[in-house]
Amino acid sequence: ETDVAFVIGANDTVNSAAEDDPNSEIAGMPVLRVWNAKQVIVMKRSLAAGYAGVDNPVFLKDNTDMLLGDAKDTCEKLASGVKIALGK
């Protein structure tokens with residue numbers, strides 16, 4: 001059981017359509033099942049489809065939050081916020 005899954009810049013490798021949609025272009029492709037986590041946080045530049053050109057339904061699930069923008073900047077801001085919260 002996973003509490004939080006952070007996805008940084010990935011699309012096709014975390015796309016549930018590979019398992020859920022037998023008609024998908026990526027059906028059967030091995031994927032990381034991040035959608036099973038209690039909370040999914042995805043960092044990407046945009047909601048655009050990945051290399052395979054397939055929309056990712058994980059991005060629209062209730063347990064997913066999207067942090068759009070530059071992932072490096074976002075990670076640095078998150079790390080800074082955690083350090084401040086922990087008093088470091």
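Select Arg45 first. Arg45 is exposed, with a relative accessible area of 66%. Keep in mind that this model is predicted.

The side chains of Arg45 and Asp70 form a salt bridge, with N and O 3.3 Å apart. Trace the chain between them: Arg45 sits in the loop between β2 and β3, and Asp70 in the loop between β3 (64–68) and α2 (71–85). The two residues are 25 residues apart, so this pair links distant parts of the chain. Is Asp70 buried or partly exposed? Asp70 has a relative accessible area of 27%, so Asp70 counts as partly exposed.

Why pair at all? Side chains of opposite charge can pair when their charged atoms come close.

Next, select Glu19 and Arg33. Their closest N and O atoms are 2.7 Å apart, in another salt bridge. Glu19 belongs to helix α1, while Arg33 is in the loop between α1 and β2, so the bridge ties together parts 14 residues apart in sequence. Glu19 is partly exposed, at 38% relative accessibility.

Move on to Lys38 and Asp3. Here the salt bridge spans 3.2 Å, N to O. Lys38 lies in the loop between α1 (17–20) and β2 (39–44). Asp3 lies in the segment before β1 (4–8). These partners are 35 residues apart. Asp3 is partly exposed, at 48% relative accessibility.

Which residues are linked in a network of salt bridges? Glu1, Asp3 and Lys38 are.

Finally, zoom out. How many salt bridges does a search of the whole structure find? The search finds five.

Key
Residues are numbered from 1 along each chain as its sequence is written. This is a predicted model: local features need pLDDT of at least 70, side-chain atom pairs count only at pLDDT 80 or more; totals for chains, interfaces and linings use all residues. Side-chain values use heavy atoms; hydrogens and water are left out. A salt bridge is a side-chain nitrogen of Lys or Arg within 4 Å of a carboxyl oxygen of Asp or Glu. Helices (H or I, at least four residues) and strands (E, at least two) are DSSP runs, numbered from the N terminus. Buried means under 20% relative accessible area, exposed over 50%, partly exposed in between (1.4 Å probe, protein chains only).
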